[in-house]
Amino acid sequence: MPDARNSILATLRASRDAHPLTPPASDFAPIDAKRWAPEERLPRIRRLMEAVHTEFLDATEADWPAVLRGFLAREGVGTLLYAPATDAGKRLVEGWGKGPLPPREREGTHGASHGEGEGHAGHGSPDPCAAPHPSQASLGLLPSPGTGEGEMVRPTLIPYDRPIEDLKPRLFGSIDAGLTDSRGAIAETGSLILWPSAEEPRSLSLVPHIHVALLRADALYDSFRQAMNEQRWADGMPTNALLVSGPSKTADIEQTLAYGVHGPKRLVVLVVHP
Amino acid sequence: MDHQPAPTKPSRVYYFGTCLVDLFFPDAGMAGIDLLQSQGLTVVFPQGQSCCGQPAYNSGYRAEALKVARAQLDLFPGEDPIVVPSGSCAGMMRKHWPDLFRGEPDEAKAVQVAARVWELTQFLVHVLDVHLTDRGEPLRVTWHASCHAQREMGVVEEPKALLRQLANVELVELKREKECCGFGGTFAVRHPEISAAMVGDKLADIEGTEAARVVSGDCGCLLNITGALEAGGKPVRGQHIAQFLKERIHGA
Amino acid sequence: MAHEPTDFAAASRAALADPQLRGNFRRAMDGLTGKRAAQFPDPAEWHGVRALAASVRLRALAKLPELLEKLEENCTRNGITVHWAATTDEANAIALDILHRVDARLVVKGKSMVTEEMHLNAVLEKNGIEVLESDLGEYIVQLDGTMPSHIIMPAIHLNTKQIAHLFKRRIKDAESREDAAYLTDLARRVLRAKFEAADVGMSGVNAAVAETGTLCLIENEGNGRMCTTVPPVHIAFMGLEKVVEKLEDVPPVISLLPRSATGQPITTYVNMISGPRKAGEKDGPREVHLVILDNGRSSIYADPELRDTLRCIRCGACMNHCPVYTQVGGHAYEAPYPGPIGKILVPQIEGLDKRGALPHACTMCNACVEICPVKIPIVEIMGRLRVEAVKPGGAVKDAGAKASRTEAMVWSGWAAMNASPTAYRIATAAMGKLGNAAPSSLPLLKDWTSVRSKPRFAARTLHDLARAKGIPDA
């Protein structure tokens, strides 16, 4: 409503000019004073995020796909959605079939090894949705030591390679986990910085019941402000940028904390050490 | 809400008694004078004083508040501090008089007077640095902090520090010390049910300390709390801190 | 929100008569104040960040018209369609236009206080559009057919047992289990299907960044992200004061809001949206709309004292710390914004005729002022509104609506008595002699003595005692 626009702005301008306001200078020093020694950042991030039920895995650049595969297999995760065109997605596929299987792990019917190296693991099987996967409820539980001898399944990789419209039923119906990269983490609050893109859709970190995020151990910042300044956010924001500090949670029922209300029930940070 | 810089100990102070003390707690008012005199000060009580103007100010009647406040201005000539046995009235004078008189011909005078206002316990601690000797029997007490003393005058620790100077007095703090007792001036009669609920919670907190006495520095709160204690048949007694301190140091 | 003149006193009496409700609030507020305090262990940090956040909000207000234009320009460049609404009716019409154009049948909503202000849900339902609140608390309140009782925790007035009964009654196949985890999971199942199917997602805005055209939303549940990510259309609503100048102004606000609100260091999600899906992107809404609502805010802005009302970042800490709110809960205010901020905001938006009682629902204890993260002088504004209520011709809508000749005469008499030493002496002497004979059934005394003994006038005033003791008069 252009009339509304112009009259609102005219009113505001007249009022402000009649009674100008001189704000005090913004002194950011109290925020910039929040610094931690480099070696303190990761333990602090871990402590803050674990306090809100985030899980941590440690790996190296070489072995993180295998570490992730082992973890997901132990947790009985049937399907992992990933971004095939990202560096992380390529590394995932590359490393997925390599290395020994963890104890008790065996190939799943629609195992990723079939699509190894091509970034379309899980494709080609008639219906990845039919891959065995645990009940939704069990995914909300804390890590459990597997479901029993011989029950382990190598998770099926599903690439996020099409518009959400074509993926919605699967995304909401049968996908257990999603993998994203991150642009680092913030020590002050224990927060991951996610930077979705054309290659890495935003719903990857939102809809699957488990969100796994890679965190490079050398991409740690003291504060939100430091991160946005050093990464020069103001020069160009993506359509969606996010800080994520834990799995979805709520305290709306009598202030009782419950996890996994709408977003991921579990957040797993896979720390990639140099 | 920083304290004004403590002046060197003066030889003479003004005393502004407040209307509630005048009508309902004159003994507490006298006790405050006694405490100041016992520190070697000359205390001046201008007989022309009445009220700081707060009731009208907070009810939306600023012109009436101004009229009453203005009637007090000439009673305190010179530079001597003005000591008030109430955080709420002191807060009105110190914090709100400059606003109330803004743009008035006597604004400068009001600002000058306001800057000299001290709440009693604040003055005893910061200016007089008193050291009290307890001559009373062992007693457990609790402290009720008035909202305006805390948040307009910044008086939080001073009264408790004074109570802790008393060797035979055990101070047990309230769980919700910072919470309003529900008096709020005209609030108590505009919203009697809410006020009653609030003072009910305050009484429960007081009883929880198992103190024999609840001490406070503001007579509005005391009217409310002691009134509710009495009406509820509770054994706890309420008392103004000036009177309590006076009794303790004189062994009454 | 009630459309009729409201009666805070009556509504609060009803609340006080409900021990369950009072217990729920007392427990919740005690918990929240404790959690907030634990987040600010260092007074220097609190004072520093608070001064910074206040400066950010003040700077935004100082440049408000320019920043709104800049926001519009940058949002537009980012592909966000910006709409302006002078009134809630206009805002509702804008929303309906968009919904009709895309033939929307199902709308999912994230938490938005502005849409509560607009009564948007009722408008949509009247137009045959299904609208579902997705914040768990809002969902509970919507199922219950009531309104939020707190701006951050909408269902704080209910306990687990009450919510379990509600779910059993309203959700198919719900078991009767008084278990927050079970109830949460139940809501997850119901709402996930709705997120998937929704045609339009709606949200509020916590801060809109003029510099980059970015809408910031904070939340814990992920429902806000669902509403702004999954449906093909996203409509965001903001009050025109929610703009900030720069991206770097966001961290101070984010630093204080969750800590003040719920005592958590940060919310699970800080969601920064700078446009709809771009070419090549696989998700995100294809359309993003921003509706900027005035609804009386520009009038508030006109007055240099009242303008501070617009600093608010809607953390709700003032409610958590308000001793009156703690006793009566949010519904007694019959407004989208209860508690201290509501007592100053709602009368300015809706007028003093309808809402003149709210500024008096306050003991002026200043607990809210002490903890407000952006230093709004709430009690000073409350005092100003009390003046406006009895003084015709003032700046606020319906100024003078509560003017009463009787009340004015009482205060005029009070002033005459207190401004003259002679009159004061005669009056106080009379009160000392006769005051205690006043029957407890007198109007104001009756209210006082409902739970208190009658105040006893002393036989001799302090003036008398001081004179008798020879205390010098000058």
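Entry 1: I started with strand 9 (residues 240-244) of chain A, which is joined by five bridges to strand 9 (residues 269-273) of chain C, the two running antiparallel. I then looked up who faces whom, and found Leu243(A) opposite Val270(C). A reminder to myself: this is a predicted model.

**Entry 2: chain C against chain A.** I looked up the contact next, and it draws on 101 residues of chain C and 76 residues of chain A. Between them about 7,600 Å² is buried, with 60% from carbon and sulfur atoms. On the chain C side, Arg188(C), Arg225(C) and Lys282(C) lose the most area to chain A, together 10% of what that side buries. I then turned to charges and found ten salt bridges between chain C and chain A. One of these links the side chains of Lys265(A) and Asp185(C), at 3.0 Å from N to O. The polar contacts here come to 42 residue pairs. By class, I have 49 nonpolar, 24 polar and 28 charged residues on the side of chain C that touches chain A.

**Entry 3: chain C against chain B.** Here I find 64 residues from chain C and 72 residues from chain B in contact. They bury about 5,900 Å², 62% of it on carbon and sulfur atoms. Which three residues supply more than any others of the area chain C buries here? They are Trp411(C), Arg452(C) and Leu462(C), with 12%. I looked up the salt bridges too, and there are eight across this interface. Among them, Glu407(C) meets Arg190(B) at 3.8 Å, N to O. Helix 20 (residues 405-419) of chain C gives the most to this side, with nine residues.

Methods
Residues are numbered from 1 along each chain as its sequence is written. Chains are lettered from A and ligands numbered from 1 in the order in which they are written. This is a predicted model: local features need pLDDT of at least 70, side-chain atom pairs count only at pLDDT 80 or more; totals for chains, interfaces and linings use all residues. Side-chain values use heavy atoms; hydrogens and water are left out. Contact means heavy atoms within 4.5 Å. Buried area is the accessible area (1.4 Å probe) that two parts lose on being put together, summed over both. A salt bridge is a side-chain nitrogen of Lys or Arg within 4 Å of a carboxyl oxygen of Asp or Glu. Helices (H or I, at least four residues) and strands (E, at least two) are DSSP runs, numbered from the N terminus. A polar contact is a pair of N or O atoms within 3.5 Å; within protein, one must be able to donate a hydrogen and the other to accept it, and residues adjacent in sequence count only if both atoms are side-chain atoms. Ala, Val, Leu, Ile, Met, Phe, Trp, Tyr, Cys and Pro count as nonpolar, Asp, Glu, Lys and Arg as charged, and the others, Gly among them, as polar. Two strands pair if DSSP finds at least two bridges between them.
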